[in-house]
Amino acid sequence: MSAAGEKKKTACVTGGNGYIASALIKMLLEKGYAVKTTVRNPDDMAKNSHLKNLQALGPLTVLRADLDEEGSFDEAVAGCDYAFLVAAPVNLASEDPEKELIEAAVRGTLNVMRSCVKAGTVKRVILTSSAASIIMRPELQGDGHVLDEESWSNVEYLRANKTAFWGYPVSKVLSEKAACRFAEEHGISLVTVCPVVTVGAAPAPTARTSVPTCLSLLSGDEAEFALLRGMAKVSGTVPLVHVDDVCRAELFVAEEEAAAGRYLCCSLNTTIAELARFLSANYPQYTVKTKLLSGDLLEKPRARLSSAKLVGEGFEYRYKTLDGMYDDMIDYGKALGILPNL
Ligand SMILES: NC(=O)c1ccc[n+]([C@@H]2O[C@H](COP(=O)([O-])OP(=O)(O)OC[C@H]3O[C@@H](n4cnc5c(N)ncnc54)[C@H](OP(=O)(O)O)[C@@H]3O)[C@@H](O)[C@H]2O)c1
């Protein structure tokens, strides 16, 4: 109960050991929500230690659940007002993307949504998709494109050409579409958030996705940098958003009754060249690994991702510049061992 005697709202966040989910759990607890989260292995303290610390902020229950196991999320969503579907296969290096990324993501999303139907209490499902479901359209040549929620990554092209990391965008497009169909058939209120490359510190003690990628110019990690370069090449932009803004956007579309459909979540379009100049000027102790910068690099983005829908409905980004976004990211990178302690 809150001080006013009202029952706390309850939210389920799937994949609580993940980067974005850990930040979302923290925000929900700070806003007075009771939170239920899931992890695949609750005993794995190397991945889950932050959840113990977050329990000091409010009621947080940790349950075991796996996207691959039918009915696994029943207990986690039972009694919840909102279900934030954040967990998803994100292994870009998968050797079998059809099975491990695409089929697993679609099946896992529907699995959690079936649990939401059974629960009968969930007022809204908030699906975390990705700008990867929007931007992978190699047929768009030339400058000046503005992409928004109307745009879908080209599944046929990606499947036919198997371009680098093709399985991930396909998994995101097909999960979104399957979730949307399921929601219509079962009368569920579904809103989808499509964050761009997400930066900034979170409570999770490990980070495997965008954090090492966005620090790669300083860490010199070539495999991580290849992800950044590949995305910039196909989309013509490096679109960034701070993890706090992603979580605020997720909560905004959950609580705003009129919210509907997809929301692209992006506060800055930049380029690798701009990012390298910024990092070099602001963090001289970490020399930018200039050998990564060889070849053609865009000076300015030739395409933009637009968050006009989210902003038009009243959402305000807190972090709109690289300074704000990278402020806490360097310390987080040090804490995670991605950057040396300089
Ligand atoms: N980071 C970004 O820049 C970004 C941008 C746009 C969208 N997103 C989306 O945001 C979501 C979270 O990404 P993230 O960056 O926070 O990645 P992350 O830290 O790797 O989180 C992924 C989570 O999914 C869980 N998961 C994977 N397969 C599972 C399964 N079979 N059963 C249960 N849980 C499973 C992982 O659990 P384990 O630890 O057990 O593997 C982990 O908790 C994903 O849907 C991703 O596509 C991320």
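**Cavity linings**

I began with the lining of the largest cavity: by class it has nine nonpolar, six polar and two charged residues. I counted Ala, Val, Leu, Ile, Met, Phe, Trp, Tyr, Cys and Pro as nonpolar, Asp, Glu, Lys and Arg as charged, and the others, Gly among them, as polar.

I noted the basis. This is a predicted model, where local features need pLDDT of at least 70 and side-chain atom pairs pLDDT 80 or more, while totals for chains, interfaces and linings use all residues. Residues are numbered from 1 along each chain as its sequence is written, and side-chain values use heavy atoms, without hydrogens and water.

I searched the whole structure and found two cavities of 30 Å³ or more. A cavity here is a set of points, on a 1 Å grid over the protein atoms alone, where a 1.4 Å probe fits but cannot get out; lining residues have an atom within 4 Å of a point. Points are joined across faces, edges and corners, and a volume is the space filled by probe spheres set on them.

The largest cavity comes to about 130 Å³. Of its 17 lining residues, A87, A88, T109, L127 and K172 are the closest to the centre. Helix 4 (97-119), strand 5 (124-128) and helix 7 (167-186) each give two or more residues. Helix 4 gives the most, with four. Helices (H or I, at least four residues) and strands (E, at least two) are DSSP runs, numbered from the N terminus.

I then took the second largest cavity, of about 50 Å³. I135, R137, L140, H145, L147, V234, S235, R302 and A303 line it. Strand 6 (145-147) and helix 10 (222-235) each give two or more of these. Its lining divides into five nonpolar, two polar and two charged residues.

Terms used: On a 1 Å grid over the protein atoms alone, a cavity is a set of points where a 1.4 Å probe fits but cannot get out, and a pocket is an open set with protein on both sides within 12 Å along at least five of seven lines; lining residues have an atom within 4 Å of a point.
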